[in-house]
Amino acid sequence: MRSEEEILINKAKNGDHVAFRTLYDRYVTQIYRFVFLKVGQKQDAEDITQHVFVSAWENLKSYEYRGFPFSSWLYRIASNAIIDHFRVHRHTVDIEAISEEYLGDEEDQESTIDAAIGIETIKVKLAELEPDQQNVLIMKFVEDKSNKEIAEALQKTEGAIRVIQHRALKQLKTLIDARTHN
Amino acid sequence: MHEHIIEQLKSLQSIKPDNGFVLRTRNLFIPTSASITAPSRTFSIFNWQYASAFALVLMCIVAIPFFVFTPEETLASLDTEVLSSEIHSLPITVQLQELKYNETAQDTITNAVSEASNTDTNHLDRSLIIKEGEEINANTEVDTNVDDLINQVLQ
């Protein structure tokens, strides 16, 4: 029996815009978040996220459903787009602008400002990790993906994902502790 | 051990894109949108077919009138054998013409040089000519008998 997502994907592959928009609505936030945490700039994150979905739409014919969520494929496109982005723009994360960019469209601005300060700290330290370590931590703990799905998206084994996750958490803790002591 | 860090990582879930951006991008995937078309790979293949057909038709349009309306002499001039023979004879003709020119030029140069170097050209000296003109006695009597004899012969 085919899953709902598989049906949507097949419809989208046949040019069904409505089906693709449903997939877009389902995944745009997490893909944007993943990209934003990697590039650190709102405008860049929007451009890359848009590129990811346009690219997915244009190359949908080549996509083969293998039981993994559609997002695995989107994460893979996003990872490649981010690599391309950093090949061209080798800028660092704009720490000063982070707080504003985290606010999004939230109505309760005061609580989000407090949250933004904590977010800023973890994000800056996250950005200091290796790209693979960032990917695993974001997908595992921010997006609540399973190791199996992360392995599919990053084209690695589940064992490799567990190792990367362990090292990433350890490294992140060291970086945060160092900041606290300073 | 890492609970606090994991908790902080989960706080990143509050990051969301602007609604304006989400709607703007979503509108790219509307059928009426001109910017994005359905993911049809066959479209590019049809493009090639149309391009090839167009090129063929264009070639016929140009080639047929050329062969129909071009004079026979012009077409004959495109004969490769004729062109080949012309090309082979061309250097010989050029060489012959060049030899003829060199010969004429050689004579002209020789004459010019010899005239320039000749010291016996006093007759070309203007002062000498004027002097000779003064020496001619225009008032000397002429024997009119000679003229009469010539007139008789002519009659």
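**Close-up views of a predicted two-chain model**

**View 1. α4(A) passes α8(A) in a right-handed crossing.** Right-handed here has the near helix turned clockwise from the far one by less than a right angle, and left-handed anticlockwise. The axes of α4 (residues 70-88) and α8 (residues 147-154) of chain A come within 8 Å and cross at roughly 40 degrees. That makes α4(A) oblique to α8(A) (angles under 35 degrees count as roughly parallel, over 145 as roughly antiparallel, 65 to 115 as roughly perpendicular, and the rest as oblique). Axes are lines fitted to C-alpha atoms, for helices over the stretch in contact, with angles from 0 to 180 degrees between N-to-C directions. From α4(A), look for A:Ser72, A:Tyr75 and A:Arg76, which meet A:Glu149, A:Glu152 and A:Ala153 of α8(A); contact is counted when C-beta atoms, placed from the backbone, lie within 7 Å. By type, the residues of this contact are two nonpolar, one polar and three charged (Ala, Val, Leu, Ile, Met, Phe, Trp, Tyr, Cys and Pro are nonpolar, Asp, Glu, Lys and Arg charged, and the others, Gly among them, polar).

A word on the model: it is predicted, with local features needing pLDDT of at least 70 and side-chain atom pairs pLDDT 80 or more, while totals for chains, interfaces and linings use all residues. Residues are numbered from 1 along each chain as its sequence is written, with chains lettered from A and ligands numbered from 1 in the order in which they are written.

**View 2. α7(A) is a mostly covered helix, with ten of its twelve residues buried.** Among the buried residues are A:Val136, A:Leu137, A:Ile138 and A:Phe141, along with A:Lys140. Buried stands for 20 or more other C-beta atoms within 10 Å of a residue's own, exposed for 12 or fewer, and partly exposed for in between, with C-beta atoms placed from the backbone. The end C-alpha atoms of α7(A) are 15 Å apart, in agreement with the 16 Å that twelve residues should span at 1.5 Å a residue (1.5 Å times one less than the number of residues). Just after α7(A), A:Asp144 takes a positive phi of about 55 degrees.

**View 3. Chain A has nine helices and zero strands, and chain B seven helices and zero strands.** Helices (H or I, at least four residues) and strands (E, at least two) are DSSP runs, numbered from the N terminus. Buried residues make up 39% of the 182 residues in chain A and 6% of the 155 in chain B.

Terms used:
Contact = placed C-beta atoms within 7 Å.
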